[in-house]
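Let us walk through this structure step by step, beginning with the chain as a whole and then turning to particular places in it. Please keep the sequence and the 3D view side by side as you read.

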Amino acid sequence: MTDTFNRVGLHILPGGTAVTREEISLLIRHRVDYVSIQVRELYGSDEEPGHGLHSEFDQVIMNYEATFLEALSQGCFTPALVDSTLQPLLETLDKQKDVVSLLLLLDREDIDTYQHSLQVGLLSYYIAKWLGHSKEECYRISRAGYLHDIGKSQVSLSILNNPGLLTAEEIEELKRHTAYGYDIIRSSMQDEATALVALQHHDYESNPAPSAGNLKNELHPYTEIVTVADIYMKLTTSRLSRPKQGLVSVLRQVHEWGFGRLNGNVVQALTSHLLPGFVGKTVQLSDGETGTIIMNNALDIFKPLIKVNEGYRDLSRERTLTVDEVLV
């Protein structure tokens, strides 16, 4: 693209800049309606299109990006795009029983807001199914999970893309994405529950020790599902202050939070349905060895029987040994 200036003559982007979603967001913020760009080949001859996920996931992520940018520029989005994107994917995945493999398929080192939103939307859908919600409710809960972070469209890119520590002021601005999300959803669709999920999905942080009558008891039931999905997927992503954790390690942590900090029924649904999915998977143990989970232990759910080479490791007996990671 050529050098680009805003309406008051401020230099926004230099010539030759590759236009990605960050540049598009910057142009929208400066109300630049037109730029001259040169089309280039998206992939070289030795490169494969996509980013390692199935094409269905690629399309959903691209459509979420379009929704996100629309919310950024307009303060609202087109609900029909969300529904036409999410419903077909959920129908495709409705018979998918191996949710662990699905989570591994969606797992990447560089998860952004768009991909995280898809992860939360899909896991929220499965948790809702496991809790016995109707098909219609499962979809609405999934959609709420898919849109829970839409308010981040109103947060400065310098904050969202900052790999380091944020200032106190930046942290406060980032926290406002929940209120921004509520307003955006209310301006876009008649669905108070989805808007409340966007508003409430971090409320558990201010109630680490819930008691009768406090805010946690006022959370919408959909929020409690999406919050668990959000936390689970977030903890599996590496951050500056926290290295990447494995699916089993994170499930163990979320399981502990189910005794007071999070809704116990939601956490139990997640734990009881994900754990059987680890049977048959190759895992890495805390001592560095790899093996295959042969059988779960009903009395000690995070201490399964592992086959390592020609032998077996019973983690219920070897108390210091844990499953650290599930390998693709």
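Among the contacts in the protein chain between residues at least 6 apart in sequence, 61% join residues that are at least 24 apart. The model shown here is a predicted one, and its protein chain has 13 helices and seven strands. Of the 328 residues of the protein chain, 45% count as buried.

We can now look at charged side chains. Side chains of opposite charge can pair when their charged atoms come close. A search of the whole structure finds 13 salt bridges, and one of the pairs is formed by the side chains of Arg140 and Asp191, with a distance of 2.8 Å from N to O. This pair links distant parts of the chain, since Arg140 belongs to helix H6 (residues 135-146), whereas Asp191 sits in the loop between helix H9 (177-188) and helix H10 (192-200), 51 residues apart. Are these two partners buried or exposed, or something in between? Arg140 counts as partly exposed because its relative accessible area is 27%, while Asp191 counts as buried because its relative accessibility is 4%. Both residues also take part in a network of salt bridges, in which Asp83, Arg140, Arg143 and Asp191 are linked.

Another salt bridge joins Lys152 and Asp149, whose closest N and O atoms are 3.5 Å apart, and here Lys152 is buried and Asp149 is buried too. Arg313 forms a salt bridge with Asp287, and the closest N and O atoms of that pair are 3.5 Å apart. Because Arg313 lies in strand S6 and Asp287 in the loop between strand S3 (282-285) and S4, the pair ties together parts that are 26 residues apart in sequence. Arg313 has a relative accessibility of 19%, and therefore counts as buried, whereas Asp287, at 42%, counts as partly exposed.

Strand S4 (residues 290-295) is also the place of Ile294. With a relative accessibility of 37%, Ile294 counts as partly exposed, and together with Met295 and Tyr312 it forms a nonpolar patch on the surface, the three having about 320 Å² of accessible area together.

The loop between strand S5 (305-308) and strand S6 (311-314) holds Asn309. What is the phi of Asn309? Its value is positive, at about 55 degrees, although Asn309 is not a glycine. Asn309 counts as exposed because its relative accessible area is 64%.

Finally, we can turn to the empty space inside the model. Rolling a probe the size of a water molecule over the atoms shows where empty space is left. The count comes to three cavities of 30 Å³ or more, and about 60 Å³ of space lies in the largest cavity. The lining of the largest cavity is made up of Val248, Arg252, Leu275, Phe278, Ile293, Asn296, Ile301, Phe302, Lys303, Pro304 and Val323. Which elements give two or more residues to this lining? They are helix H12 (247-257) and helix H13 (264-278).

Note on methods. Residues numbered from 1 in each chain as written. Predicted model: local features only at pLDDT ≥ 70, side-chain atom pairs only at ≥ 80, totals over all residues. Heavy atoms only, no water. Patch = residues over 30% accessible without salt bridge, like charges linked within 9 Å, V, L, I, M, F, W, Y side chains within 5 Å. Areas by Shrake-Rupley, 256 points an atom, 1.4 Å probe, with all protein chains shown as cover. Salt bridge = Lys/Arg side-chain N within 4 Å of Asp/Glu carboxyl O. Helix = DSSP H or I, 4+ residues; strand = E, 2+ residues; numbered from the N terminus. Buried < 20%, exposed > 50% of the residue type's maximum accessible area, 1.4 Å probe, protein only. Contact = heavy atoms within 4.5 Å. 1 Å grid on protein atoms, 1.4 Å probe; cavity = no way out; pocket = protein on both sides within 12 Å on 5 of 7 lines; lining within 4 Å. Points joined across faces, edges and corners; volume = space filled by probe spheres on them.
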